[in-house]
Amino acid sequence: MLGACLEHGYYRGERCPFCDQPGKFLMNDGEMESIGRMMAGILRHFPEKFNLPIDHTGWVDLIGLIEAIKSRRKQFYWLRQHHVRAMVDTDKKGRYQTVGNSIRATY
């Protein structure tokens, strides 16, 4: 599960690891897995299939990425920037990076 603690920010798991409070639910493990796979595909392998311009250092517009995911997977109609930022911020492997309104795969 992906959650948000008002005091400590985003976390993965049932409760905030700092204050042990349940926080606000953002998405379940299955949703994170599916969105993560789409992000990897789009950012690493085939941004052109989603009509997303990518610069020479791999940056893509975050809103464009979200809209691309929502257009291909109608069940993710609820996806917003804070969901993707929470996934990026809590990814222990550091697969993605966000700066401003841009996102890229780190490796």
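**Helices, sheet, pocket**

Reply: Start with helix α1 (residues 29-45), which lies across β1, β2 and β3 and runs at about 40° to β3. Helices (H or I, at least four residues) and strands (E, at least two) are DSSP runs, numbered from the N terminus. Contact means heavy atoms within 4.5 Å. Axes are lines fitted to C-alpha atoms, for helices over the stretch in contact, with angles from 0 to 180 degrees between N-to-C directions. Helix α3 (residues 81-90) also lies across β1, β2 and β3, at about 65° to β2.

Me: What should I know about the model itself?

Reply: It is predicted: local features need pLDDT of at least 70, side-chain atom pairs count only at pLDDT 80 or more, and totals for chains, interfaces and linings use all residues. Residues are numbered from 1 along each chain as its sequence is written, and side-chain values use heavy atoms, with hydrogens and water left out.

Me: What is the strand order in the open sheet of 3 strands?

Reply: Strands of a sheet pair through backbone hydrogen bonds, either parallel or antiparallel. Here the order is β2-β1-β3, with antiparallel pairing. Two strands pair if DSSP finds at least two bridges between them. β2 (9-12) and β3 (24-27) are at the edges with a single partner strand each, so one side of each has no neighbour in the sheet. The twist averages 35° from one strand to the next. β1 (residues 2-5) pairs with β2 over 4 bridges. Gly3 stands opposite Tyr11 in β2.

Me: Is Lys70 buried or exposed?

Reply: Buried means under 20% relative accessible area, exposed over 50%, partly exposed in between (1.4 Å probe, protein chains only). Lys70 has 18% relative accessibility, so Lys70 counts as buried. Lys70 lies in helix α2 (residues 62-72). Leaving aside neighbours within four places in sequence, Lys70 is in contact with Phe76, Tyr77, Leu79 and Arg80.

Me: Which helix gives the most to the lining of the largest pocket?

Reply: Rolling a probe the size of a water molecule over the atoms shows where empty space is left. α1 gives the most, with 8 residues.
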